[in-house]
Amino acid sequence: MSVERTTAAGGMETSYGFRKVGAGEKQPLVNDVFHKVANRYDLMNDLMSAGLHRLWKDAMVAWLNPPKRVGWKVLDVAGGTGDIAFRIVEASQRLAHATVLDINGSMLTVGRDRAEKLGLAANTDFVEANAEELPFEDGTFDAYTIAFGIRNVPRIEVALAEAYRVLKRGGRFLCLEFSEVEMPLLDKAYEAWSFNAIPKIGKAVTGDGEPYSYLVESIRKFPNQQNFAAMITRAGFDRVTFRNYSGGIAALHSGWKL
């Protein structure tokens, strides 16, 4: 694949997959993708990761290690269906409170319904808003999580600055995202699967392969592990580290507001 990744210098704000778009044009296009896939979000991630996203999300929550105490608050961004938030609440023995924020109302509808069915409505609230302009006071949350969402934010550096702003001193930032595969043979196999199979399967299952083409292209354009770590550091976070999963198919980045 000859397409180059963006770097810590930016570029995702005008990248809709492999298409270059104008300033302000990406967000409506991304919104449309997630309106289309909201009811099949878990299937989408299963296709993108061969089902491994469930294990990666469990590992993310384990590394976060939410305390089992009342009053601890996490903001889960781009998490409309509640996948991460519910795991965090359960890991805290239902003592933590999770605010799920998403720009897409369709995704939030799925999350609210799931919260009711799981008996977690009292531990969660759902907010429709933009990751680039969070509607919260400075220093509100103990943790900020985002899983498979940051690459869909046009201005990533703005979202990172907002994450830093709303965290309390001592707060934790965790971001799980598809990244750069670091094993050559696996890289070729994963790329072939992503670009040849996923859009076709998505079309067969949902009747529309275009959203899946965008999603696999956005993975290929996203900054690699080192460049994304540099962006997190530039936003003000300390002790920035990352862990690769499945040879780098996904990476979990961590940072602290110290």
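User: Which residues of α4 are buried?
Analyst: This is a predicted model, in which local features need pLDDT of at least 70 and side-chain atom pairs count only at pLDDT 80 or more, while totals for chains, interfaces and linings use all residues. Residues are numbered from 1 along each chain as its sequence is written, and side-chain values use heavy atoms, with hydrogens and water left out. Helices (H or I, at least four residues) and strands (E, at least two) are DSSP runs numbered from the N terminus. With buried meaning under 20% relative accessible area, exposed over 50% and partly exposed in between (1.4 Å probe, protein chains only), the buried residues of α4 are D83, I84, A85, F86, I88 and V89.

User: What is the phi of Q93, which follows α4?
Analyst: Helix α4 covers residues 83–91. Q93 comes after this helix, and its phi is positive, near 60 degrees.

User: Which elements give two or more residues to the lining of the second largest cavity?
Analyst: On a 1 Å grid over the protein atoms alone, a cavity is a set of points where a 1.4 Å probe fits but cannot get out, a pocket is an open set with protein on both sides within 12 Å along at least five of seven lines, and lining residues have an atom within 4 Å of a point. The second largest cavity has a volume of about 70 Å³, where grid points are joined across faces, edges and corners and a volume is the space filled by probe spheres set on the points. Its lining has 14 residues, with Y41, A78, G79, I84 and A147 closest to the centre. The elements that give two or more residues to this lining are β3 and α4.

User: What is the volume of the largest cavity?
Analyst: Five cavities of 30 Å³ or more are counted. For the largest of them the volume is about 230 Å³.

User: Which element gives the largest share of the lining of the largest cavity?
Analyst: This cavity is lined by 20 residues, and A78, D102, I103, G149 and N152 lie nearest its centre. Two or more lining residues come from each of α1 (26–37) and β4 (97–102). The largest share, four residues, is given by α1.

User: How many charged residues does the lining of the largest cavity have?
Analyst: Ala, Val, Leu, Ile, Met, Phe, Trp, Tyr, Cys and Pro count as nonpolar, Asp, Glu, Lys and Arg as charged, and the others, Gly among them, as polar. The lining has 13 nonpolar and six polar residues, and the number of charged ones is one.

User: Is T81 buried or exposed?
Analyst: T81 sits in the loop between β3 (73–77) and α4 (83–91). Its relative accessibility is 3%, so T81 counts as buried.

User: With which residues is A131 in contact, leaving aside its neighbours within four places in sequence?
Analyst: A131 belongs to the loop between β5 (124–128) and β6 (141–147). It is buried, at a relative accessible area of 6%. Taking contact as heavy atoms within 4.5 Å, and setting aside those neighbours, its partners are V77, L101, V153, A159 and E162.

User: Which residue of β9 stands opposite F242?
Analyst: Strand β9 (residues 250–256) is largely enclosed by the rest of the structure because six of its seven residues are buried. In β9, L252 faces L176, while the residue opposite F242 is H253.

User: Which element gives the most to the lining of the largest pocket?
Analyst: The largest pocket holds about 200 Å³ of space. Among its 14 lining residues, R5, D187, Y190, E191 and R220 lie nearest the centre. Two or more come from each of α7 (184–206) and α8 (210–221). With six residues, the element that gives the most is α7.

Conventions:
Two strands pair if DSSP finds at least two bridges between them.
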